[in-house]
Amino acid sequence: MTETWIILGATSSMARALARAVAARGDGVLLAGRDMEDLKALAADCALRGARVAEAIAFDARKPNGFKKIVDRAAREEGMISAAVFVGSMPPQSEIDADPALIEGTVNDSFSGPAMFLQTLAPLMEERGGGTVVGVGSVAGDRGRIGNYVYGAAKAGFHTYLSGLRNRLTRSGGHVVTVKPGFVDTAMTWGIEGMFLVAPPSKVAEDILKAVEKKKNVIYTPFFWRYIMLIIRHIPEPIFKKMSI
Amino acid sequence: MTWKRIEYTGWGRALTAESEIARPERLSSLTKLLAEAPGPAIGNCRSYGDACLNDGGRALQMTRLDRYLAFDPETGILHVEAGATIGDIARDFAPREWLPAVMPGTGFATVGGCIANDVHGKNHHIHGSFGQHLASITLMTPKGKKKITPERNAALFKATVGGMGQTGVITSAELKMMACKGDIITVTERRAEDWDEHLTLLDNSRATYTVGWIDATAKGAALGRGIVEEAETGLGLVPPRKKAKSVPFDAPGFALSSPVVKLFNTAYYRRVPDRGRTLVKPITDFFFPLDRIHDWNRLYGKAGFHQFQCVVPLASAPELKEMLELIAKAGLASPLAVLKRMGKGRAGYMSFPMEGYTLAVDFPNRGRAAQVIAELEKMCAAAGGRVYLAKDSLATAASVAKMYPELPDYAAAVAKADPEGIFTTDLVRRLNLRGGAA
Ligand SMILES: Cc1cc2nc3c(=O)[nH]c(=O)nc-3n(C[C@H](O)[C@H](O)[C@H](O)COP(=O)(O)OP(=O)(O)OC[C@H]3O[C@@H](n4cnc5c(N)ncnc54)[C@H](O)[C@@H]3O)c2cc1C
Ligand SMILES: NC(=O)c1ccc[n+]([C@@H]2O[C@H](COP(=O)([O-])OP(=O)(O)OC[C@H]3O[C@@H](n4cnc5c(N)ncnc54)[C@H](OP(=O)(O)O)[C@@H]3O)[C@@H](O)[C@H]2O)c1
């Protein structure tokens, strides 16, 4: 069955790794984001790796009136339509503290924008009777921490949204995988202090593909973050509130 | 964030630098970096010494700019970003019957690094150096992006190929790939009992890929013994290689002590039967044998190691033999030693190759290693040869100037391309490579 992936935030190196992997098996990729020059380079790369179609397409999470156009483009492809969402932004918490208005953009990029997009896409997936949504959240969404709780809150919102969307799409044969990466070696984390057990983006892509194949609901990547977060989630609030991890 | 402060080394780990490193993932970030805070480009730091180091300064790591931009199956020209590795290109294109025309002994080298050192491979005697198979290079400096070709920009091209990053950041290149028969390779291994037989086997080889492993610990009648490998690509099915292993910690000093190396080398030599043998392998096992063990440089312990690689003209074979005698007597060499016959091919002012024999030997960084290498450097210069700067961390400016007669042309072209010296590296400072302008 032919499959076409809409990849939102395709300039992320995690997205690049996933796009390449699905391209190599002959799927189509619609690479959506803001940096068209970069997306075009990736489209050429995916085409050379075997993608059935590979196109760069403009997407700004803060401009929802552009969403329909992307869905329409996908509708022109036969077979299953899937989507992988890598969009997100994480301004340093200190900057948000200084300028609370930044919350809006953070929530928009990491939660409400992607959610609005998926909401626009869902009817097409239902019509086709299948397809997968991969939503990249974060371990930061599992518990609010002093270091990045606004970003974490946006991701938590996205997790909850994805869980509901899964509930909805299951009925028409579709599936939703919630992906919670730990620390990944990308542009977002480059040079940030205190990173540990940092995984290469290719590892995240590998784990995502396995999860899609096995129809997993929620994955942590690399896997051990499930246990790290299990512990962190179970620290009693009276203790947790005094910690700075 | 844009910058990460890192203490890092070349592959040999003997020299260290602390730098602010940026790793742009897209061209627009690179453009911005060059405009605001430029520095030399680096690849995967597979050069051994200080070619990729800029202590106290900045560096732009290119590994994330690694896309295939265009490929023409008619001409075999691949337009690829500079951070792509040779190993990935080989793995992706060999099944389609194309290979990079020249591949160094590690698949982790990036296209940018291969251009900047004008690398050679096991087919140098026939196909020459990496830079001879380029249709164009795209260079970026604070002034902007520029596509250069060997025809239209002869001087800048010759200062870029083998130019150690001094003319600007290579963002992409058009590689003239070479047709191959598939992604497996047939390798014939023969024992060479001594120096003379080793040279004879290399001289008489008509294979596309030829290389000699040399037992740098053997002395007396066995001096120069080794195994000559000859190989051709082919089509077929062989089991895929196992996942790479890695060395998790720095090995203790005795791991590569002289008795251990001697034992290992003897076993390695005898592994090939008297009459020789032919094996079929995945291409990557032949071209990048050491890549199967990640971080194998840690086997040398914390102090790291030096590689000495030189080339001498054909007529200086006796002098090269004397150098090998010195190495064997010193008893410091590791099992990794290579002898190869080179052709004339080179594409830059500072390219390493010349027609002759090249010898590469690893020395753990301890004891008299540095003195032995200094002695070897002198012998090499006297023999009309040169040392390979991609491997070097000990040579002196004076002898390098003698070994590389086109240094003034290089320095002049570099001064024109980068008058402010923003792409200067530790290697360039140590060997005063920019000071030689005519
Ligand atoms: C196991 C092993 C085997 C090897 N075998 C061979 C061999 O058979 N033949 C051979 O010739 N070499 C060989 N080498 C050496 C290696 O091929 C070269 O050192 C090569 O340059 C490494 O590439 P890199 O991407 O790691 O570059 P780095 O080591 O990071 O940088 C090397 C130089 O290239 C410059 N550079 C890198 N990228 C760019 C760019 N985008 N733009 C401008 N300048 C750039 C840097 O400034 C620096 O001067 C071997 C090395 C190892 C570790
Ligand atoms: N790196 C980690 O350790 C880590 C850990 C957990 C979760 N994550 C999540 O993983 C995902 C990928 O992140 P990354 O680490 O690869 O960092 P990244 O390179 O910064 O990726 C973020 C992506 O989001 C896109 N984006 C941001 N705002 C946008 C907007 N308004 N409209 C359209 N696109 C927008 C960016 O596109 P542009 O090119 O247009 O800027 C980029 O493609 C993110 O959701 C991130 O939150 C990362």
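## Salt bridges in a predicted model

K203(A) is partly exposed, with 26% relative accessibility; here buried means under 20% relative accessible area, exposed over 50%, and partly exposed in between, using a 1.4 Å probe and protein chains only. This is a predicted model, where local features need pLDDT of at least 70, side-chain atom pairs count only at pLDDT 80 or more, and totals for chains, interfaces and linings use all residues. Residues are numbered from 1 along each chain as its sequence is written, chains are lettered from A, and side-chain values use heavy atoms, leaving out hydrogens and water.

So what does K203(A) pair with? It forms a salt bridge with D207(A), meaning a side-chain nitrogen of Lys or Arg within 4 Å of a carboxyl oxygen of Asp or Glu. D207(A) is buried, at 12%. Both residues sit in helix α7 (residues 201–213) of chain A, 4 residues apart, or about one turn. Helices here are DSSP runs (H or I, at least four residues), numbered from the N terminus.

| Pair | N to O distance |
|---|---|
| K203(A) and D207(A) | 3.1 Å |
| R91(B) and D88(B) | 3.4 Å |
| K63(A) and D60(A) | 3.8 Å |

Over in chain B, R91(B) and D88(B) are 3 residues apart in helix α2 (residues 86–93), so about one helical turn separates them. R91(B) is partly exposed at 42%, and D88(B) is partly exposed too, at 38%. Back in chain A, K63(A) is exposed, at 53% relative accessibility.

There's also a salt-bridge network linking R16(A), R20(A), D45(A), R49(A), D66(B) and D92(B). Over all chains, the count comes to 44 salt bridges.

Terms used:
Helix = DSSP H or I, 4+ residues; strand = E, 2+ residues; numbered from the N terminus.
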